[in-house]
Amino acid sequence: MNSTVKSVEAHYTRQGLERIILTALNEAGIDFDRLKAEDLAPIDQFHIGGRKFTLEFARQLGLDETMHVLDVGSGLGGASRCLALEYGCQVTGLDLSEEYCRVASMLTQRLGLDSQVSFQHGNALDMPFADGTFDLLWTQHVAMNIADKTKFYSELWRVLKPGGKLAIYDVLAGEGGSVHFPVPWACEPDNSHLLSPQQLRNRLEEIGFEVLSWQDATAKGCAWFANMNAKINQKGLPRLGIHLLLGDEFRLMAQNQVRNLDEGRIALIETIMQRPS
Ligand SMILES: C[S@@+](CC[C@H](N)C(=O)[O-])C[C@H]1O[C@@H](n2cnc3c(N)ncnc32)[C@H](O)[C@@H]1O
């Protein structure tokens, strides 16, 4: 494993995460024996807009129960389970963090979804899947940690079936200047690699993808984040939230995110691409 990969994995690794989550669920009064997927939404949707944005974006994809989806950088698996539950599709999640994959599998088993959703530890730059395996690829808030974008999007192209779609929801560079750190995906600039929207589009088109839809989600993401921050400032941290994954720096990261969005230092894009048949 090279040092960049190690440092990204270290950023997301929280020792004892399973215990931290189980304790927080218990303190929040959630009966683990009657756990529902929605109960996990505050912790298992690690992207701006959470479960709401996942559901809205997924509606545009034409998913059904015949499809096999790959969730690239699946984190704790919230989106993977959401897609499987909403559309009946098979979902494989791939993530660099072994701990996230372990916790994602535990939560999936607890929800009785393990015949439909599974997780594999691995690097998106060298995926353990044959060419043309998946009907649809889904990736949310992952590419910010990946420097070699050409390799990343070429790997996505390789494992996608001809005619298949690629759904991306990512954080990109805005025009307002450099990012305030720390942010949820990186404590320092070394682990942060943001393209501008135009650079992303060019990169994907050079590889051969065709744009089916391209939406700027910055304004709605900014409103969502500002609302979450206002609640935290008023009532303090909730029992369940992304701070359980990110630890003590979370509040500063969240404040920086609002500034980065407000000042146009980052942008959010939701795009659907197609690998032509
Ligand atoms: C901000 S989290 C988003 C997780 C998930 N997509 C979600 O929205 O809940 C970023 C995730 O990308 C994963 N990741 C970063 N670089 C990766 C790589 N090269 N290969 C696979 N996963 C990667 C991290 O381990 C982390 O789980």
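**A first look at the ligand site and the strands**

1. Let's start at the ligand: one of its oxygen atoms sits 2.6 Å from a polar side-chain atom of H47, a polar contact in the sense of a pair of N or O atoms within 3.5 Å. The protein covers 98% of the 590 Å² of accessible area that the ligand has on its own (Shrake-Rupley method, 1.4 Å probe).

2. Please keep in mind that this is a predicted model, where local features need pLDDT of at least 70, side-chain atom pairs count only at pLDDT 80 or more, and totals for chains, interfaces and linings use all residues. Residues are numbered from 1 along each chain as its sequence is written, and side-chain values use heavy atoms, with hydrogens and water left out.

3. Backbone atoms take part too: a polar one of A124 is 2.8 Å from a ligand nitrogen, and a polar one of L96 is 3.2 Å from a ligand nitrogen. Around the ligand there are 21 residues, of which F46, H47, G73, D95 and A124 come nearest (a heavy atom within 4 Å puts a residue in this group).

4. Now to strand β2, residues 90-95: 5 of its 6 residues are buried, so the rest of the structure largely encloses this strand (buried means under 20% relative accessible area, with a 1.4 Å probe and protein chains only; strands are DSSP runs of E with at least two residues, and helices are runs of H or I with at least four).

5. Strand β1 (residues 68-72) runs parallel to β2, joined by 5 bridges (pairing takes at least two DSSP bridges). Here H68 stands opposite Q90.

6. β2 and β3 (residues 117-121) are parallel, with 5 bridges.

Notes: Buried < 20%, exposed > 50% of the residue type's maximum accessible area, 1.4 Å probe, protein only. Polar contact = N/O pair within 3.5 Å; in protein donor to acceptor, adjacent residues only side chain to side chain.
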